Amino acid sequence: QVQLVETGGGLVQAGGSLRLSCAASESVFSFNDMGWFRQAPGKQRELVASITNGDNTDYADSVKGRFTISRDNAKNTVYLQMNSLKPEDTAVYYCSSVRITAMGASRSWGQGTQVTVSS
């Protein structure tokens with residue numbers, strides 16, 4: 001079973017930066033897709049950014065130009081660099097992996113890390 005462990009969350013003032021890390025128990029290159037999702041209180045979980053094993057990236061409109069997703073295959077880690085943070089970025093951030101096999105697609109989740117942006 002894939003294990004994903006997120007670190008790097010915390011409290012930051014608006015305009016500040018944080019870098020989230022997601023350490024995987026397996027090679028991140030082995031996943032078809034990895035992503036960061038977030039869930040704010042009372043809201044649905046939403047995709048923030050994703051990266052494929054071909055290094056194609058995708059971002060939510062709300063974070064384009066501010067957040068950057070990247071991957072270090074040697075460290076089995078995916079990062080989310082978050083700049084120019086806003087109070088509305090406050091949420092629990094989850095790392096996710098997707099692996100597609102002949103049996104279908106399987107998604108795994110980390111436990112989440114809290115990001116709080118104060119105004």
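1. Aromatic pairs. This predicted model contains two aromatic pairs. In one of them, Phe37 and Trp109 place their ring centres 4.9 Å apart with 70° between the planes; because planes over 60 degrees apart count as edge-to-face, that is the geometry assigned to the pair.

2. Placement of Phe37 and Trp109. Phe37 belongs to strand E4 (residues 33-39), and Trp109 belongs to strand E10 (residues 104-109). The contact therefore ties together parts of the chain that are 72 residues apart in sequence. Phe37 counts as buried, at 13% relative accessibility, whereas Trp109 is partly exposed, with a relative accessible area of 35%.

3. The pair of Tyr94 and Trp109. Tyr94 and Trp109 are also edge-to-face, with 6.5 Å from centre to centre and 90° between the planes. Tyr94 is found in strand E9 (residues 91-101) and Trp109 in strand E10, so this pair links parts that are 15 residues apart in sequence. The relative accessible area of Tyr94 is 14%; Tyr94 is buried because this value falls under 20%.

4. The cluster. Phe37, Tyr94 and Trp109 together make up one aromatic cluster. Trp109 takes part in the pair with Phe37 and in the pair with Tyr94.

5. Arg45 and the rings. Arg45 lies over the face of Tyr94, at 3.7 Å from the ring centre. The charged end of Arg45 also sits over the ring of Trp109, 4.5 Å from the centre of that ring.

Terms used
Residues are numbered from 1 along each chain as its sequence is written. This is a predicted model: local features need pLDDT of at least 70, side-chain atom pairs count only at pLDDT 80 or more; totals for chains, interfaces and linings use all residues. Side-chain values use heavy atoms; hydrogens and water are left out. Rings of Phe, Tyr and Trp (its six-membered ring) pair if their centres lie within 6.5 Å; planes under 30 degrees apart count as stacked, over 60 as edge-to-face and the rest as tilted. Helices (H or I, at least four residues) and strands (E, at least two) are DSSP runs, numbered from the N terminus. Buried means under 20% relative accessible area, exposed over 50%, partly exposed in between (1.4 Å probe, protein chains only). A charge sits over a ring if NZ of Lys or CZ of Arg is within 6 Å of the ring centre and within 35 degrees of the ring normal.
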